[in-house]
Amino acid sequence: MRQVHICEVGPRDGLQNAKHLMSTEAKKAWISALAAAGLREIEVGSFVPPKLIPAMADTGEIVRFSRTLQNVKVVALAPNLKGFQRAVEAGAHKVTFPVSASRKHSESNVRMTPEQMVEEVRRCAELGGAEIEGAVSTAFGCTMQGAVPEDDVVRIAVSLAQFCDAVALADTVGYANPAQVKRIFSRVKREIGDKLEGAHFHNTRGLGLANALAAYEVGVRNFDSSMGGLGGCPFAPGASGNVITEDLVFMFESMGASTGIDLEKLFKAREILVNAIPDEPVYGHTALAGLPKGFRAAA
Ligand SMILES: [Zn+2]
């Protein structure tokens, strides 16, 4: 039985921020290997204008391909109604909308205030066609605005919970610390209960795992992560991307919390990633050190 549910976001969050382009064929091979390792949810791309982000230009094809894999929930990101319509057309099971709690980030990223963005997501939810997750981004701080008031995070999460299937909190730029994670997740949980599902952490300052453990300790069981900590943040030079899937799986499995993911197969998927874009930096301790002698996955 899976006690912790991990969504691999490398093909979206990782590749969207990577310096090197991965071919469509390599993406398919990588996503297939991730599914074979036991990942049951994969964010495979985003429906943003291809001119803005060429790495995501093949997302429609990648979604259609991923739908042919067994037992995989295919997730795509959309920044607006148009992106949502493309995602539904391609057959995404679930669409994630980033709704920034930072006013400055929201205005520069999607040219909407957070309130306008909430209304955009509401329109998509009314249309239907896919499961909808509202992800409160920059929930722990913002490179443009600095501190983000916790009240803003709570207010946006509460509005999204009215019509989204699930709400997530995202540390988009890697500003969170474990005490803050416990505080904010607990506060939002008191307001929206089980609608609060996912935690999305970046490893920018090396606190990805610590933040994931803090969230786990206050009851969070759904985590985003990316293989090899792929990606980074254009606003944080030298930063790695998301919390690293291999290390996150190792942490939970060694604690006895089952993820349903096979680490040896996960390392095979990592080889595919490294061979496809060999000049792209990848991170992670577990893949380099290997599994400890006598290691047993959680039952
Ligand atoms: Zn992210």
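Entry 1: I looked up Asp13 and His202 and found both of them buried, where buried means under 20% relative accessible area, exposed over 50%, and partly exposed in between, with a 1.4 Å probe and protein chains only. Before going on, I noted that this is a predicted model, in which local features need pLDDT of at least 70, side-chain atom pairs count only at pLDDT 80 or more, and totals for chains, interfaces and linings use all residues. Residues are numbered from 1 along each chain as its sequence is written, and side-chain values use heavy atoms, with hydrogens and water left out.

Which residues hold the zinc ion? I found Asp13 (OD), His200 (NE2) and His202 (NE2) coordinating the zinc ion at 2.0 to 2.1 Å. The donor spacing along the sequence reads D-x186-H-x1-H. Asp13 sits in helix 1 (residues 10-17) and His202 in the loop between strand 7 and helix 9 (208-217), so this pair ties together parts that are 189 residues apart in sequence. Donors here are N, O and S atoms within 2.8 Å of the metal (3.2 Å for Na, K and Ca), and water is not among the atoms, so sites may look incomplete. For element names I used DSSP runs numbered from the N terminus: helices are H or I with at least four residues, strands are E with at least two.

**Entry 2: the largest pocket.** I read off a volume of about 1000 Å³ for the largest pocket. Its lining has 36 residues, and Arg12, Gln16, Ile53, His105 and Asn109 lie nearest the centre. Helix 1, strand 4 (94-100), helix 5 (103-110), strand 5 (131-137) and strand 6 (166-171) are the elements that each give two or more residues to this lining. By class I wrote down 17 nonpolar, 13 polar and 6 charged residues for the pocket. The classes are these: Ala, Val, Leu, Ile, Met, Phe, Trp, Tyr, Cys and Pro are nonpolar, Asp, Glu, Lys and Arg are charged, and the others, Gly among them, are polar.

My note on terms: on a 1 Å grid over the protein atoms alone, a cavity is a set of points where a 1.4 Å probe fits but cannot get out, while a pocket is an open set with protein on both sides within 12 Å along at least five of seven lines; lining residues have an atom within 4 Å of a point. Points are joined across faces, edges and corners, and a volume is the space filled by probe spheres set on them.

**Entry 3: the cavity.** How many cavities of 30 Å³ or more are there? The count came to 1. The largest cavity has a volume of about 60 Å³. I listed its lining as His5, Cys7, Glu41, Lys94, Glu133, Glu197, Gly198, Asn222, Phe223 and Asp224. Strand 1 (5-8), strand 7 (196-201) and strand 8 (222-225) each supply at least two of the lining residues, and strand 8 gives the largest share, with 3. The cavity lining divides into 2 nonpolar, 3 polar and 5 charged residues.

**Entry 4: helix 8.** Helix 8 (residues 178-192) has 15 residues and reaches 21 Å from its first C-alpha to its last, close to the 21 Å expected; the expected span is 1.5 Å times one less than the number of residues. Gln180, Val181, Ile184, Phe185, Val188 and Ile192 are buried in helix 8. Seen down the axis, these buried residues fall within an arc of 115°, so they line one face of the helix. I took the arc from the directions from the helix axis to the C-beta atoms. The face turned away from the buried side carries the exposed residues Ala179 and Arg190.

**Entry 5: two positive phi angles.** Arg111 is not a glycine, yet its phi is near 50°. Arg111 lies in the loop between helix 5 and helix 6 (114-127) and is exposed, at 72% relative accessible area. Thr138 also has a positive phi, about 45°. I found Thr138 in the loop between strand 5 and helix 7 (150-161). Is Thr138 buried or exposed? At 0% relative accessibility, Thr138 counts as buried.
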